[in-house]
Amino acid sequence: DLHSFPTRRSSDLPGSVIVLFPLTFLSSAMVPVGTLPSWLQVFVRHNPVSHIIDSSRYLLDGATGSARDVYMAIIGSLVVLAAMAPLTIARYQRRNA
């Protein structure tokens, strides 16, 4: 029943944008990592968005990125899922109790 599905509050969106905006722009999505300053390269190489971008490039063209990026993207996604699923379920149960 879609009526019982919790709607997204308008205050949730700005919080996610605050997190995703810097992660996207401080990733390998916009510029090659080698052109960045060395201190920023360290952050970009460990940024989960960079792993997702590089794994997508590797799967699409095979020339950019590596299989390691694919594994890191999958592992990172599973870690986020493992951390957020219990919190989401608990919040849903509290809200609908």
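**Exercise 1. Describe the fold of the chain.**
The chain has four helices and zero strands, where helices (H or I, at least four residues) and strands (E, at least two) are DSSP runs numbered from the N terminus. Along the sequence this reads α-α-α-α. Keep in mind that this is a predicted model: local features need pLDDT of at least 70, side-chain atom pairs count only at pLDDT 80 or more, and totals for chains, interfaces and linings use all residues. Residues are numbered from 1 along each chain as its sequence is written, and side-chain values use heavy atoms, with hydrogens and water left out.

**Exercise 2. Work out the setting of serine 50.**
Begin with its place: serine 50 belongs to helix α3 (residues 48–61). Next, is serine 50 buried or exposed? Its relative accessibility is 4%, so serine 50 is buried (under 20% relative accessible area; exposed is over 50% and partly exposed in between, with a 1.4 Å probe and protein chains only). Now look for neighbours: leaving out residues up to four places away in sequence, serine 50 touches Ser27, Ser28 and Val44, a contact being heavy atoms within 4.5 Å.

**Exercise 3. Find and classify the aromatic pair.**
There is one aromatic pair (ring centres of Phe, Tyr or Trp, its six-membered ring, within 6.5 Å; planes under 30 degrees apart are stacked, over 60 edge-to-face, the rest tilted). The ring centres of phenylalanine 21 and phenylalanine 25 are 4.7 Å apart and the planes meet at 50°, so the pair is tilted. Both residues sit in helix α1 (residues 12–25), four residues apart, about one turn of the helix. Finally, phenylalanine 21 is exposed at 52%, while phenylalanine 25 is partly exposed at 46%.
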